[in-house]
Amino acid sequence: MNTPLIQWIAAALFGVALLHTFSVKFFERLSHRYPRHAGLFHLLGEVEVVFGFWAMVLIVAMALAVGGPQALQYAESRNYTEPLFVFVVMVIAASRPVLRTVMAIVHTLAKLAPVPTPLATAWLGLAAVPLLGSLITEPAAMTIAALMLAPQIFRAGVPERLKYLALGVLFVNVSIGGTLTSYAAPPVLMVAATWGWDSAFMLTTFGWKAALAVLVNATACALALRRHLPSAEALQAGQEAADQRPVPMSVAAVHIALLAGVVLFAHHPVVFLGIFLMFLGYTQAYARHQSPLILKEALLVGFFLAGLVVLGGMQQWWLQPIVAGLEPLALFAGALGLTAITDNAALTYLGSLIQGITPAAQYMLVAGAVAGGGLTVIANAPNPAGVALLKNGFADQTVGAGGLLLGALGPTAVAAAAFLLL
């Protein structure tokens, strides 16, 4: 699998997949222009499909180049724990009992704030929930925040530029908001055990800086959106129009306990998949307290991440020499840029393989990787989940890569400044 031919094929297909992610709006427009083939173009316009599709092409190309058994062996050698975990945690975190519990807490806090309730609710969704990701993991925080913010910000009547700003802030804040602990952010998790970083180290070295950046980003975004948020009356009417059936505390407690179990055993798919099956059974037993589960959206996100695992696994030959050859400050800038074109967890994992890497370089690598986690859909594992849940609020029901990049530049600069200057 490490022959030059296969490496170049994998790199070329990885590049094509990146170009495809920047072209999803083009395929959506083709679906409207050629209705006869609208299904195919719509499929290719789903950003969650991109990397899974090109990963399948890579496996076929490997089979043709070196044989089917070797290609199958490579596919089976990849670690799919993260895609499976993101799928499971998305479904449970978006369940009605969990979501209603979190939203009830947020709305109570918003009413106590000395600002209009809609503004406080938006701010909490952009700040408090991403920071909560340090406890419940980033994918769960992304799922809850996206579902909370969708009816407020990602709706008709809000300018597209402000939607992209809010999306960029959400993605960046989730990426850096998970650094208060050593297990919640995928790029931190890749190095924590190797470098001996525990949660106390993360909080004192990264966490407080990330928290300040999250608060700055959320405040600036909320102020920019304040004139476009629904009124308190409209927000209340929307809540009343939603499914207001009460959820018994016992049902909510079981859902939260199952979510906690999945988070606790996030690195043991046999265990968290067993918990997930128990969750599915429980939702059937108490169906009257449930809303439809987001199985389709979560499966698409899992497919995206699995494709990234397959394609990204063949990029070490050119990525690792770049990471290994940079001085600390250049490594920060390099990690910030490279994160935009490859998953930040994969980038820090490659850094963990470098022998003799200094503490300063370790800090710069992780800081750059998490700061750049909102620049593109593939930069951070939870981002595809946010896109899947919020894309219907954008024109053509797709999230443009250019719009996301522009929306994330400001919050990324704030995060980078916090990690470099504080």
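Me: What is the handedness of the crossing of α18 and α20?
Reply: In this predicted model, α18 and α20 cross in a right-handed manner.

Me: At what angle do they pack, and how far apart are the axes?
Reply: The angle between α18 and helix α20 (residues 359-371) is about 25°, and their axes are 7 Å apart. Angles under 35 degrees count as roughly parallel, so α18 is roughly parallel to α20.

Me: Which residues make that contact?
Reply: From α18 come Pro328, Leu329, Leu331, Phe332, Ala335, Leu336 and Thr339. From α20 come Ala360, Ala361, Met364, Leu365, Ala367, Gly368, Ala369 and Ala371.

Me: And how do the residues of the contact of α18 with α20 divide by class?
Reply: There are 13 nonpolar and two polar residues, with no charged residues.

Me: Where is glycine 337?
Reply: Glycine 337 is placed in helix α18, which covers residues 328-339.

Me: Is glycine 337 buried, partly exposed or exposed?
Reply: Glycine 337 counts as partly exposed, with a relative accessibility of 42%.

Me: Changing topic: how do α6 and α16 pack?
Reply: Helix α6 (residues 81-93) packs with helix α16 (residues 295-312) at an angle of about 160°, and their axes are 8 Å apart. Since angles over 145 degrees count as roughly antiparallel, α6 is roughly antiparallel to α16. The crossing of α6 past α16 is right-handed.

Me: Which residues of α6 and α16 meet?
Reply: On the α6 side they are Pro83, Val86, Phe87, Met90 and Val91. Their partners in α16 are Leu295, Glu297, Ala298, Leu299, Val301, Gly302, Leu305, Ala306 and Val309. This contact of α6 with α16 has 12 nonpolar residues, one polar and one charged.

Me: What about the packing of α7 and α8?
Reply: Helix α7 (residues 96-112) and helix α8 (residues 117-136) pack at about 130°, with axes 8 Å apart. The two helices are therefore oblique to each other. α7 passes α8 in a right-handed crossing.

Me: Which residues are involved there?
Reply: Val106, His107, Leu109, Ala110 and Lys111 in α7 meet Thr117, Ala120, Thr121 and Leu124 in α8. By class, the contact of α7 with α8 has five nonpolar, three polar and one charged residues.

Me: Where does threonine 137 lie?
Reply: Threonine 137 lies in the loop between α8 and α9 (138-149). Although threonine 137 is not a glycine, it has a positive phi of about 85°.

Me: Buried or exposed, that threonine 137?
Reply: Threonine 137 counts as buried, at 3% relative accessibility.

Me: On to the largest nonpolar core: which residues touch the most other members?
Reply: The core has 131 residues, and those touching the most other members are Phe51, Ile144, Leu170, Ile176, Leu311 and Phe419. Helix α10 (residues 160-177) supplies the largest share of this core, with 10 residues.

Me: What does isoleucine 144 touch?
Reply: Leaving out residues up to four places away in sequence, isoleucine 144 touches Ala93, Val98, Leu99, Val102, Val129 and Ile136.

Me: Which helix holds lysine 163?
Reply: Lysine 163 is in helix α10.

Me: Why does lysine 163 count as buried?
Reply: Its relative accessible area is 4%, and buried means under 20%. Residues up to four places away in sequence aside, lysine 163 touches Ile153, Phe154, Arg155, Ala156, Val158, Gly393 and Phe394.

Me: And histidine 20, buried or exposed?
Reply: Histidine 20 is buried, and its relative accessible area is 7%. Histidine 20 lies in helix α1, residues 4-21.

Me: With which residues is histidine 20 in contact?
Reply: Neighbours within four places in sequence aside, histidine 20 is in contact with Phe27, Leu44, Val50 and Trp54.

Me: Last one: where is valine 271 found?
Reply: Valine 271 is in helix α15, which covers residues 269-285. Valine 271 counts as partly exposed, at 33% relative accessibility. The C-alpha atoms of valine 271 and glycine 261 are separated by 8.8 Å, with the two residues 10 apart along the chain.

Terms used: Residues numbered from 1 in each chain as written. Predicted model: local features only at pLDDT ≥ 70, side-chain atom pairs only at ≥ 80, totals over all residues. Heavy atoms only, no water. Axes fitted to C-alpha atoms, helices over the stretch in contact; angles between N-to-C directions. Helix = DSSP H or I, 4+ residues; strand = E, 2+ residues; numbered from the N terminus. Parallel < 35°, antiparallel > 145°, perpendicular 65-115°, else oblique. Left-handed = near helix turned anticlockwise from the far one by under 90°. Contact = heavy atoms within 4.5 Å. Nonpolar A, V, L, I, M, F, W, Y, C, P; charged D, E, K, R; others polar. Core = buried A, V, L, I, M, F, W, Y, C linked by side-chain atoms within 4.5 Å. Buried < 20%, exposed > 50% of the residue type's maximum accessible area, 1.4 Å probe, protein only.
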